[in-house]
Every structure is written in structure tokens, then in C-alpha cells.
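Welcome! Take a moment to look over the sequence and the 3D structure, and then we will walk through them together.

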Amino acid sequence: MSKIHKNWITIIIFLIFSTALYFRYELELYTYLCEEESNAPACFVLYKEYSEREMSLPAKRYLKISCEKKYELACNELEKSRIDESR
């Protein structure tokens, strides 16, 4: 097998492994970015992920954190949810 084939196989294996790790540890990655790095968009992504999984308590928590960190999309979403709850 030529050196080029070996390199391509190595790259493909690395990409498959990296993708598998990302999907396995996706929530942990965003949790770290949100809580440790104060990344408001990561908190909003966590809100979306927990909402899709129908886990409302953590979803609301991360939405509030994201809005507190001045992320406009989160504040808009929080306002919508407050209006819906008041009806």
C-alpha cells in the first residue's frame, strides 16, 4: 500500500473517531463552555438541546444563564416563554 493510501486511511479514521467523540460528549462540551468559559451562545445551545430532549428544568436554567450573559436570542426566547406562560 502506498504512503498516500496510508495517509488517507489515517485521516479518515481520525475524522470518524473525532465525530464519534463529539456526538458522545456534545453536552459535556457545551456545559463546559457555558459554565467555565462564560460562553452565552453555548448556554443557548444547551437550552435548545435540553428542549429537544424534553428536559424542561435544565433547559430553562441554561436559557436564563444565557440571557443573563446578554445573549439577545436567549432574552427574546425567554420573553416569548414568559408571555406563553402568562396566557
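A disulfide is a pair of cysteine sulfur atoms within 2.5 Å. C67 and C75 form one, their sulfur atoms 2.2 Å apart. Before we go on, please note that this is a predicted model, in which local features need pLDDT of at least 70 and side-chain atom pairs count only at pLDDT 80 or more, while totals for chains, interfaces and linings use all residues. Residues are numbered from 1 along each chain as its sequence is written, and side-chain values use heavy atoms, with hydrogens and water left out.

**The disulfides**

How many disulfides does a search of the whole structure find? The search finds two, and here they are side by side.

| Disulfide | S to S distance | Torsion about the S-S bond |
|---|---|---|
| C34 to C43 | 1.8 Å | about 90° |
| C67 to C75 | 2.2 Å | about 110° |

With a torsion of about 90°, the disulfide of C34 and C43 is right-handed. The disulfide of C67 and C75, with its torsion of about 110°, is right-handed too. If you count the bonded cysteines along the chain, the pattern is 1-2, 3-4.

Are these cysteines buried or exposed? To answer, we need cut-offs: buried means under 20% relative accessible area, exposed means over 50%, and partly exposed is in between (1.4 Å probe, protein chains only). C34 and C43 are both buried. C67 is buried as well, with a relative accessible area of 17%, whereas C75, at 25%, counts as partly exposed.

**Helix α2 and its buried face**

Helices here are DSSP runs (H or I, at least four residues), numbered from the N terminus. Helix α2 covers residues 26-35, and its buried residues are E26, L27, Y30, T31 and C34. Seen down the axis of α2, these buried residues fall within an arc of 125°, so they line one face of the helix. The arc is that of the directions from the helix axis to the C-beta atoms. The buried residues of α2 pack against α1 (3-24), α3 (40-52) and α4 (56-68).

**Helix α3**

The 13 residues of α3 should span 18 Å at 1.5 Å a residue, and its end C-alpha atoms are 19 Å apart, which agrees. That expected span is 1.5 Å times one less than the number of residues. Just after α3, E54 takes a positive phi of about 55°. Among the buried residues of α3 are C43, F44, L46, Y47 and Y50.

**The nonpolar core**

A nonpolar core is a set of buried Ala, Val, Leu, Ile, Met, Phe, Trp, Tyr and Cys residues joined through side-chain atoms within 4.5 Å. The largest one has 16 residues, and those with the most contacts inside it are C34, L46, Y47, Y50, Y62 and L63. Helices α2, α3, α4 and α5 (72-86) each supply at least two residues of this core, and α3 gives the most, with six.

Which residues does L63 touch, leaving aside its neighbours within four places in sequence? With contact meaning heavy atoms within 4.5 Å, L63 meets F44, Y47, A74, E77, L78 and S81.

**An exposed residue**

I13 is found in helix α1, and at 54% relative accessibility I13 counts as exposed.
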